[in-house]
Amino acid sequence: QVQLVESGGGLVQAGGSLRLSCAVSGATFSRYAMGWFRQAPGKTREFVAVISRSDDIIYYAVSVKGRFTISRDNAKNTVYLQMNSLKPEDTAVYYCAADFVATNYGYSQSPGSYDYWGQGTQVTVSS
């Protein structure tokens, strides 16, 4: 079955950096757009970033644009989220998700479009 496993979360001071990884198995990774979402306590899950299956399209939430970078390595079946200049409001559980798309240009910012999800990794940013 398809599995997504996130890693790289942790506790960091404001202004610091973390790099999240999401390893995918059981699927043809290159046929999926990959997204990162996050959910803070008491809040709904929100879009963070998405990358199309061939890197042609990348989108970020306004709140992270210029600080976060999404990338993927199709040879390693892995998607990354480099997070710099972290703020306390970035504290959340971060989830990666896979969206089966028909073309190199398919992508979505809606959680409901995604077919598979990881278990999440906690990111805590202290002030």
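Is V12 buried or exposed? With a relative accessibility of 13%, V12 counts as buried, where buried denotes under 20% relative accessible area, exposed over 50% and partly exposed in between, computed with a 1.4 Å probe on protein chains only.

## Basis of the description

This is a predicted model, in which local features need pLDDT of at least 70 and side-chain atom pairs count only at pLDDT 80 or more, while totals for chains, interfaces and linings use all residues. Residues are numbered from 1 along each chain as its sequence is written, and side-chain values use heavy atoms, with hydrogens and water left out.

## Overall architecture

The protein chain contains 0 helices and 11 strands; helices (H or I, at least four residues) and strands (E, at least two) are DSSP runs numbered from the N terminus. The radius of gyration of the protein chain is 14 Å, close to the 14 Å that the globule rule gives for 127 residues, so the chain is as compact as a globular protein of that length. This radius is taken over C-alpha atoms, and the globule rule is 2.2 Å times the number of residues to the power 0.38. The C-alpha trace spans about 40 × 30 × 25 Å along its principal axes.

Of the 127 residues in the protein chain, 45% are buried. Among contacts with a separation of 6 or more, 61% come from residues 24 or more positions apart, a contact being heavy atoms within 4.5 Å.

## The four-stranded sheet

An open sheet of 4 strands is arranged in the order β1-β3-β8-β7, with antiparallel pairing; two strands pair if DSSP finds at least two bridges between them. Strands β1 (3–7) and β7 stand at the edges with a single partner strand each, so one side of each is left without a neighbour in the sheet. On average, neighbouring strands of this sheet are turned by 15 degrees against each other, direction ignored. For such angles, axes are lines fitted to C-alpha atoms, for helices over the stretch in contact, and the angles run from 0 to 180 degrees between N-to-C directions.

Within this sheet, β3 is joined to β8 (residues 78–83) by 6 bridges, and the two strands run antiparallel. L18 stands opposite M83 in β8.

## Strand β4 and its partners

In strand β4 (residues 32–39), 7 of the 8 residues are buried, so the strand is largely enclosed by the rest of the structure. Its antiparallel pairing with β9 (residues 92–100) extends over 8 bridges, and A98 in β9 is the bridge partner of M34. Strand β4 is also joined to β5 (residues 46–51) by 5 bridges, again in the antiparallel sense, with R38 opposite E46. The hairpin formed by β4 and β5 has 6 residues between the strands, and G42 in the turn has a positive phi of about 80 degrees.

W36 is located in β4 and is buried, with a relative accessible area of 0%. The C-alpha atoms of W36 and I70 are separated by 8.3 Å, although these residues are 34 residues apart along the chain.

## Disulfide and nonpolar core

There is 1 disulfide, defined as a pair of cysteine sulfur atoms within 2.5 Å. C22 and C96 form this bond, with their sulfur atoms 1.9 Å apart. C22 lies in β3 (residues 18–25) and C96 in β9, so the pair ties together parts that are 74 residues apart in sequence. The torsion about the S-S bond of C22 and C96 is about 50 degrees, so the disulfide is right-handed. Both C22 and C96 are buried.

In soluble globular proteins, nonpolar side chains tend to be buried together. Here the largest nonpolar core has 35 residues, and those with the most contacts inside it are M34, W36, L81, M83 and Y94. Such a core is a set of buried Ala, Val, Leu, Ile, Met, Phe, Trp, Tyr and Cys residues joined through side-chain atoms within 4.5 Å. Two or more residues of the core are given by each of β3, β4, β5, β7, β8, β9 and β11 (121–126).

R67 is found in the loop between β6 (58–60) and β7 (68–73) and is buried, with a relative accessible area of 11%. Leaving aside residues up to four places away in sequence, R67 touches Q82, M83, N84, S85, L86, K87 and D90.

V12 lies in strand β2 (residues 10–13). With residues up to four places away in sequence not counted, V12 touches S17, L18, L86, T124, V125 and S126. V12 and Q119 are 107 residues apart in sequence, and their C-alpha atoms are 21 Å apart in space.
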